[in-house]
Amino acid sequence: MAGARVLVHVRRAGAGGAAAFGQSVTGVFCPAHTDVALVSCGLERGRFLISDVPFPGSTVTVLKRPPFCPAKLGGDTRGDRGGHAGVVAAVAVLLEAACGHVLLTRRATTLRHFPNVWVPPGGHLEPGEELVAAGLRELAEETGLRLEPGTFSWHLLGLWESLFPPSLSWGPPRCHHIVTYLGLRSAEPRQRLQGSMPRPGCARARLRSAPWPGWSLRSWRPSLPPRMEPRDRDRDWDQDRPPESCRPPWGSRS
């Protein structure tokens, strides 16, 4: 099962199929001049389905893309599919402590995709996994923090369409994901969560032979996803990169 991925499928007006790599999933559900749509999403027969109408087990939420999304702007978006048949489903966890701090990890500078960026823990959804189970697994793998049942609540925040590179000027996309953002609210304060977290030794980072620089519980506006670029963006990102390249724009810093 190593390397297996859950693919995204779309359904509109009763018809659909697997989402095509490099073609905008959000654009299936919204007019060309907008970047947000209200959709129903959920797992169905081993795939992650996004539909314009509810289906058994689905949740109604928002699906967004950045206005500069390469799949929206057109051009050669076929890219390197990396052995994948289409768009891959992923999960990210916004863990909020009882005091309102949100857990972020900083990606290593040597990683192939979105290096040196502050992000919430997350990764690919694996076959047979529920969304929350995948989020908890990624949280444990990337930070060492394991949440016990009954110590947290959760809700679905929204879906974000992510392509890398985020600009066609860097070349065609090499990866294409629909990321499900889950908001987890812990009953524990920041100090207790931070104290129970060992020095991270992320299995995913080790497999890539890259260091995992660490994690941080930062103050963000409660229950809203953070801006997803470093505070010192100008130092960490090339000046010609789109300034909003990693931002799901559901909230702002407090």
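Accessible areas here come from the Shrake-Rupley method with a 1.4 Å probe; for residues, only the protein chains shown count as cover. By that method the protein exposes about 11,700 Å², with carbon and sulfur atoms supplying 52% of it.

This is a predicted model: local features need pLDDT of at least 70, side-chain atom pairs count only at pLDDT 80 or more, and totals for chains, interfaces and linings use all residues. Residues are numbered from 1 along each chain as its sequence is written, and side-chain values use heavy atoms, leaving out hydrogens and water.

Show the whole protein as a cartoon. It has six helices and twelve strands (DSSP runs numbered from the N terminus: helices are H or I, at least four residues; strands are E, at least two). Of its 254 residues, 54% count as buried (under 20% relative accessible area, 1.4 Å probe, protein chains only).

Next, select Val25, Phe48, Ile50 and Ile178. These have the most contacts inside the largest nonpolar core, which has 35 residues. Such a core is a set of buried Ala, Val, Leu, Ile, Met, Phe, Trp, Tyr and Cys residues joined through side-chain atoms within 4.5 Å. Elements that each supply at least two of its residues include strand E4 (47–51), strand E11 (175–186) and helix H3 (131–143).

Now color Ala92, Val102, Leu157 and Tyr181. They are among the eight residues of a second, separate core.

Finish on H3. Ten of its 13 residues are buried, so H3 is largely enclosed by the rest of the structure. Leu131, Arg137 and Glu138 are among the buried ones. Step past the helix to Gly144, which follows H3 and has a positive phi, near 85°.

Terms used. Buried means under 20% relative accessible area, exposed over 50%, partly exposed in between (1.4 Å probe, protein chains only).
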